[in-house]
Amino acid sequence: MISSLVLSLKVLAVDVPLLLVIGTSLGWLLARRNFRGKEALSLLILLPVVLPPSVLGLYLLMLLGHVPLMRELGLLFSFPAAAMAPLFPSLPIMVQSARSGFASVDVGLEDAARTLGDSELAVFWRVSFPIAKRFLMAGLALASARALGDFGVTLMIAGNIPGRTQTLPLYIYSRVEALDFAGANMAAILLTGVGVMSLWLVRRMEGVHGGAS
C-alpha cells in the first residue's frame, strides 16, 4: 500500500498546480469574457462530469493513441498517463468553482482599478483574485480529492501496474480481487479520511465567506 500511497501523492503533486492554473484561467475566461464558442467550450469542459469514467477513459485512450508523440514517447500506461488521467474528471469542479468566484467579483471594483491605471494583469492580481480566492481554494480542495480518488480514467489510459501506475483506488481494486479485504479497507479508510477533510475545508471556507463561525 505504501508504494500506491506514494504514487498517489506524486500524482497530486503534478495535478494540484495544473488544476489551479488551468482551472483558474478557464474559470476567469468563462466568467469575464464573451467570445464566440463560449457555451460550446463550457459544455466541453463539463462533459466529463456526465460521462461514465470508463467511457471517458476509452475516448481518451482512442484519442491519445492516435497522437504520434504519445506513442513514440510511450506515455500511455506510464506514470505521466496516471498523472494526466485524473485531470479530466476533476478539472470541471475547479473550473465551475473559479467561474462562480470571478462572477461574484463586482465589475465596478475592477473598472475602478483600471481608471487608476492598472493593467489587466494588475487588476486580476490586486482585485479579482483576492475576492475570488475562497471559491478557488474550495474548488481546489474538492477537485484534488476527486483526482486522488480517480479509478476509471486512470485504469483505462494508465493501467493497473504495481509500483508504476497503481494508485490507491487501483490498489483497493487489486486487494478486493485478491480477497484481501483488510488491505482494501485500510486504503479505503485513508481515502475516506481525505474526502471528509476536503469537505470540512470547503464548509469552513463557506462559513468564513458567509460570516459564520
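At what angle do the axes of helix H2 and helix H6 cross?

## Helices H2 and H6

In this predicted model, helix H2, spanning residues 38–50, and helix H6, spanning residues 87–103, have axes that cross at roughly 130 degrees and come within 6 Å. Because angles over 145 degrees would be needed for a roughly antiparallel arrangement, H2 is described as oblique to H6. The handedness of the H2 and H6 crossing is left-handed.

On the H2 side, the residues in contact are Lys38, Glu39, Ser42, Ile45, Leu46, Pro48 and Val49, and these meet Phe88, Pro89, Pro92, Val95, Gln96 and Arg99 of H6. Sorted by class, the contact between H2 and H6 comprises eight nonpolar residues, two polar residues and three charged residues.

## Helices H7 and H8

The second pair consists of helix H7, which covers residues 107–115, and helix H8, which covers residues 120–148; their axes lie 10 Å apart, and the packing angle is about 150 degrees. With that angle over the 145-degree limit, H7 and H8 are therefore roughly antiparallel to each other. The crossing of H7 past H8 is right-handed.

From H7, the contact draws on Leu109, Glu110, Ala113 and Arg114, while H8 contributes Glu120, Val123, Val127, Ser128 and Ile131. By class, five nonpolar residues, one polar residue and three charged residues make up the contact of H7 with H8.

Key:
Residues are numbered from 1 along each chain as its sequence is written. This is a predicted model: local features need pLDDT of at least 70, side-chain atom pairs count only at pLDDT 80 or more; totals for chains, interfaces and linings use all residues. Side-chain values use heavy atoms; hydrogens and water are left out. Axes are lines fitted to C-alpha atoms, for helices over the stretch in contact, and angles run from 0 to 180 degrees between N-to-C directions. Helices (H or I, at least four residues) and strands (E, at least two) are DSSP runs, numbered from the N terminus. Angles under 35 degrees count as roughly parallel, over 145 as roughly antiparallel, 65 to 115 as roughly perpendicular and the rest as oblique. A crossing is left-handed if the near helix is turned anticlockwise from the far one by less than a right angle, and right-handed if clockwise. Contact means heavy atoms within 4.5 Å. Ala, Val, Leu, Ile, Met, Phe, Trp, Tyr, Cys and Pro count as nonpolar, Asp, Glu, Lys and Arg as charged, and the others, Gly among them, as polar.
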